[in-house]
Amino acid sequence: MEKQTTSIDTISKTCIAVRLRLLNRVITNFYDDALRPLGLKVSQLNILIVTARLGLARPVQVCDILQLDTSTLSRNVERMRAHGWLEVVPGEDARTQSFRLTTQGKRLIERAIPAWEDAQRQAGELLGDQGIALLDKAAKKLRADH
């Protein structure tokens, strides 16, 4: 029992996943709280931004860039289509329907920028320059490995 107690203490105090999930929830809440008046979540804004950069977005591309599974992307795209922010572009293969921003989606991004900037400031204050630098380093490593 002593070894188990020691292991439980070690895991509860040092688990990287637990600390990362906590940080993720706190940071995500900054963005979601800021974007809520626009009816938008940061996960949706990320999809809109990737779509804006791609012009015509293929689901596989967006999933790869954002590391999303196809069902998560599909659910979000459907919601954003219902809001009029995205439109599907019919192609030869119905399974891989590409999509793009609508005019309304482009306007939403413009309206979201001040809220995003506020959330970005809050996240930056929490993490500090050193935390942001470490995050950038880890993200670059992920992209290089992937």
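Colleague: Does Cys-63 count as buried or exposed?

Modeller: This is a predicted model, in which local features need pLDDT of at least 70, side-chain atom pairs count only at pLDDT 80 or more, and totals for chains, interfaces and linings use all residues. Residues are numbered from 1 along each chain as its sequence is written, and side-chain values use heavy atoms, without hydrogens and water. Buried means under 20% relative accessible area, exposed over 50% and partly exposed in between, with a 1.4 Å probe and protein chains only. Cys-63 has 8% relative accessibility, so this residue counts as buried.

Colleague: How many disulfides does the structure hold?

Modeller: A disulfide is a covalent bond between the sulfur atoms of two cysteines. Here the test is a pair of cysteine sulfur atoms within 2.5 Å. The number of disulfides in the structure is zero.

Colleague: Which residues of α5 are buried, and where do they sit around the axis?

Modeller: Helices are DSSP runs (H or I, at least four residues), numbered from the N terminus. The buried residues of α5 are Thr-72, Leu-73, Asn-76, Val-77 and Met-80. They cover an arc of only 125 degrees, taken from the directions from the helix axis to the C-beta atoms, which puts them on the same side of α5.

Colleague: Which exposed residues does the face of α5 turned away from its buried side carry?

Modeller: An α-helix has 3.6 residues a turn, so residues three or four places apart point the same way. On the face of α5 turned away from the buried side, the exposed residues are Thr-70 and Ala-82.

Terms used
Helix = DSSP H or I, 4+ residues; strand = E, 2+ residues; numbered from the N terminus.
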